[in-house]
Amino acid sequence: MTTGSRFDRLRLDGVSRRFGGADALAGLDLTIERGEFITLLGPSGCGKSTALNCLAGLLPLTRGSIWRDETRLDTLPPEQRGFGMVFQNYALFPHMSVRKNIAFGLQMRKVARAEVRRRTDEAIRLVHLESHADKLPGQLSGGQQQRVAIARAVVVEPSLVLMDEPLSNLDAKLRLEMRTEIRRLHQSLGLTTVYVTHDQEEALSMSDRLVVLRAGRVQQIGTPEQVHTRPANRHIADFMGFRNLLPVRVGEMAGAGVIVDGGGLHLTGSPVGEPRPGEPAVAAIRPEDIRIAAHPGEGVEVTVEVVEYQGREVSAEVRTGDGTLLHLRTARRLAPKDRIEVVLDPGRLLVFPAGPDEQGSEP
Amino acid sequence: MTPVALRHRLAERGIDARLLLLGPAALFVAALFIYPFCYGIAVSLQPAEGGPFAAYQSFFADAYQRDTIATTLWIALPAALLNVLASVPIAYRMRGRFRGKRVLTTVLVVPITLGTVLTAEGLLNFLGPTGWFNRVLLGLGLVDAPVSLTHNYWGVFLSLVITGFPFAFLLVLSYLSGIDPSLEKAGAVLGAGWAQRFFRITLPLLAPGLATTFCLTFVLAFSVFPSAILVGDPSGTTRVISIAAYEAAYVRYDYAGGAAAAIVMGLVELVVIGLVLGLRGLLYTGSTSGGKG
């Protein structure tokens, strides 16, 4: 299958949506290239589903416009946009068999009967549901329903596939399988996909680019690696797994790095944004970037409080002499009340200004 | 086997002390429905003269009695059908949330609170030969003589629509609200216009509910009595079966005949409901949600 309506890029221009005086989405600017896998990522209520519904045409925009090359889309009803969508609850037609569900979009497009049959069969094969083609959705398991929903969305060869948290109703094992499956379909069918999720791991593993949203505003747009290693502000850092967020005060700049103090710790890290000497800041580091000191006297002395077994590693909560809590991961077998020394990797420690950056890093 | 284990096994089949809560309802049904029904059958089988089925034989032998079945069906079936069909577009339009929904629903449902007699009174005043409706038509020169809308078929029909519509509307609205709204959204994104969405997604899921609604409004309409007399033509075109039963029992004091007419009435209703529910069984009647959620 090839992408039906050829296009080069899809452009969202200041897309905004208000609900009763509150901004659910404020000025989303985004250009999607053909073949890209874009993920809208953020906690619930951040506006990611609103953005997807605006894109699908299920919600009218309050301001802004959406363009496919030179065609304006936001004034068209959903049935004329030629997109495919996978809903969070799948929204399969309960009174139609798997085959009829998948054929529905083709029939709406007045595709010839034989062609409908051929393409429906192909889509059913694609998602491995050959033996379930004549069942009703109610007779299928969650994962099978999910695959029907995906087949139904891609069989019409849409210019854009929208997915609204499609894996959130599946169990952990199936979620991993479907993640690979969706990425595989995206590549083999040459789809352009906009995917919505609150799961950062899902977003990092599937996407070409991430759009991180918070309170209706874009916080950061970048590749998974950019967002993972250099989140634009402390909120994204928090969301991306920087579990240790320490309130500190900026000391002095040391070359490209910055020295901060707080909670009895004296640390070196790399600045993000512009932390100024003497001002409050937030030092952020992932649990896996705190290691146990190799030699006595090298690091900070802490007491182990809670240890969680996590397979090859343990996750531990430790407390410094000044009472600051740190989370770390290590392969060493720790036990509560152990006294150890830890080192915070200066290359992985990020220092964010603590100012009120509620409006995003680049307003 | 200890007594505790027995209690557990019974409870697993739904037999426990809570079953007693059904007592009052069962008593109520037995006293007010089952007993009178059996009593009616017994009375109908004990006519003053002739064999046990003499009352039924004379009902069906006499065209004046027999034709009340067709007369009643001729009023009740179209009225029930119109009530259901009129409810669908209005309920469809009102299924979402919007400002003023409660007020509009109240206005549509108010006729339930009016008794049949009050409705009949209003119809006579409004639609009668000297009522506002005819005066307006005459005043505008649209008609030369008053249109006859009372004391005939149309009077009863309108009365049944006015009192039956709110029931049908409320039922259809609740059936429609039970259909997952994401299904129509999915249809729209897949390229279906509103008509295709309605006829291919919503209507098939709503149809079983419409069948049930039709049965209920039909039963209401089939047992029409006051309005058939007050705004109808009770000795001619609107001589419905309940009038036949009433006349037999309380004008001719032929209790067996009255009971027989009432039983026939019940049987006709059962046949119609049986047919409609039989057809309903051919439809998709499962879940109306789009999956897990």
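**Briefing: chain B and Pro234(B)**

Let's start in a loop: Pro234(B) sits between α11 (226-230) and α12 (241-251) of chain B. Helices here are DSSP runs of H or I with at least four residues, strands are E runs of at least two, and both are numbered from the N terminus. The model is predicted, with pLDDT of at least 70 needed for local features and 80 or more for side-chain atom pairs, while totals for chains, interfaces and linings use all residues. Residues are numbered from 1 along each chain as its sequence is written, and chains are lettered from A and ligands numbered from 1 in the order in which they are written.

**Around Pro234(B)**
- Leaving aside residues up to four places away in sequence, Pro234(B) touches Ala228(B), Ile229(B), Arg239(B) and Ile243(B); a contact puts two C-beta atoms, placed from the backbone, within 7 Å.
- Tyr153(B) is 81 residues from Pro234(B) along the chain, yet their C-alpha atoms are 9.7 Å apart.

**Chain B as a whole**
- Chain B has 13 helices and zero strands.
- Along the principal axes, the C-alpha atoms of chain B fill a box of roughly 70 × 60 × 30 Å.
- Of the 293 residues in chain B, 35% are buried.
- Among chain B contacts with a separation of 6 or more, 76% join residues 24 or more positions apart.

How values were computed. Buried ≥ 20, exposed ≤ 12 C-beta atoms within 10 Å, placed from the backbone.
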